[in-house]
Amino acid sequence: QGYFTDPIVDRYWVAFSNPRRNEGAFFECFHAKRNFWSTDQIDARTVEYVDPKVYAAIISEHGVDSRQAKVEVYGEFPTSGEDQFISPALVLSAMDRELVDDPGAPLVMGVDVARFGGDMTVIAEFLGPQLNPLEAVNKKDTNWTIGRVKRKNAEIGGGYDGIGVDDTGVGGGVTDGLEADEIDVEPFNFGASAQEDDKFENLKAEIYWNLREAIRDKKISLPDDKELINQMCSIRYKFTRKGRIAIESKDDMKKRGLKSPDRADAVAIAYSTGLLKEAPRITVISMDEEDD
């Protein structure tokens, strides 16, 4: 919080917010060299009317030293590097992690589609909790991708348990081609609304969160893939003004001189294939006359 006094008209300005960004006007109220603001940072744990269950849940879910706890509970601005969505230590801990084999585990595929540019078309497969080595190619048209997925699907008795495809841009052609051949496909449009739209800015943020939590909770094992490590650890995130989690776009990554995270996208799609096909959430609204 902060306030500023106008000595001429005795006018006060008050600004208050969770400190979600380390830039912008609110950040400057606390950090500008020539500062007219009197400021204070409030830790939610010291406020009597805040339900302890609220901040305890944030700390429990994200960790005592997490960005979320610092911003939402302690009232601290994020520092440089805290916008990294998945840490290197987290990814490396999942490399070749030994998990119990399950012969009946589902086999699902995720496809991130590119075409003739520098980006790669990547096919990712999860056999239960185990991510198989990725298949990545470039300079292949959508017909090649359709044919490759069809062939892999035919080589497996009964086909894949789920096939997810990046349906944005050229990926839509792959979805259409597979569905025309009666292959069931789950399309992923990263810009679409998340199921938990009060928590995530869009579907991309939601499926990446699913993947991150699975890695953190030691539910999956990843292959030793240096490019996959680099891509996962290069992705940044932020909180929107509405408090939702947002993952930076491919365009923003390219502005930072980074390539499209095609491997990471394919893995995120593969992991969430089948997980989002749930019944829609129903919110029960009281219809009592006393309610507004």
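These questions and answers cover a few local features of a predicted model. Local features need pLDDT of at least 70, side-chain atom pairs count only at pLDDT 80 or more, and totals for chains, interfaces and linings use all residues. Residues are numbered from 1 along each chain as its sequence is written, and side-chain values use heavy atoms, with hydrogens and water left out.

Reader: How many aromatic pairs does a search of the whole structure find?
Author: Rings of Phe, Tyr and Trp (its six-membered ring) pair if their centres lie within 6.5 Å. Planes under 30 degrees apart count as stacked, over 60 as edge-to-face and the rest as tilted. By that rule, the search of the whole structure finds six.

Reader: How far apart in sequence are the parts that F85 and W209 tie together?
Author: F85 and W209 form a tilted pair, 6.2 Å centre to centre with 50° between the planes. F85 lies in the loop between α3 (67–74) and α4 (88–94), and W209 lies in helix α7. Helices here are DSSP runs (H or I, at least four residues) and strands are too (E, at least two), numbered from the N terminus. So the pair joins parts separated by 124 residues.

Reader: Are F85 and W209 buried or exposed?
Author: Buried means under 20% relative accessible area, exposed over 50%, partly exposed in between (1.4 Å probe, protein chains only). By these cut-offs, F85 and W209 are both buried.
The pair Y237 and F239 is edge-to-face, at 6.1 Å centre to centre and 70° between the planes. Y237 and F239 are also buried.

Reader: Which residue has its charged end over the ring of W209?
Author: A charge sits over a ring if NZ of Lys or CZ of Arg is within 6 Å of the ring centre and within 35 degrees of the ring normal. Here the distance to the centre of the W209 ring is 5.1 Å. The charged end also sits over the ring of F85, 5.9 Å from its centre. The residue is R212.

Reader: Which backbone oxygen does the side chain of R97 reach?
Author: R97 lies in the loop between α4 and β4 (107–112). R97 is buried, and the nearest side chain of opposite charge, D217, is 9.0 Å away. The side chain of R97 reaches a backbone oxygen at 2.8 Å, that of I220.

Reader: What is the phi of K218?
Author: Most residues other than glycine have a negative phi. K218 sits in the loop between α7 (203–216) and α8 (226–234). K218 is exposed, at 59% relative accessibility. K218 is not a glycine, yet its phi is positive, about 60°.

Notes
Lys and Arg count as positive and Asp and Glu as negative; His and the chain ends are not counted. A salt bridge is a side-chain nitrogen of Lys or Arg within 4 Å of a carboxyl oxygen of Asp or Glu. A polar contact is a pair of N or O atoms within 3.5 Å; within protein, one must be able to donate a hydrogen and the other to accept it, and residues adjacent in sequence count only if both atoms are side-chain atoms.
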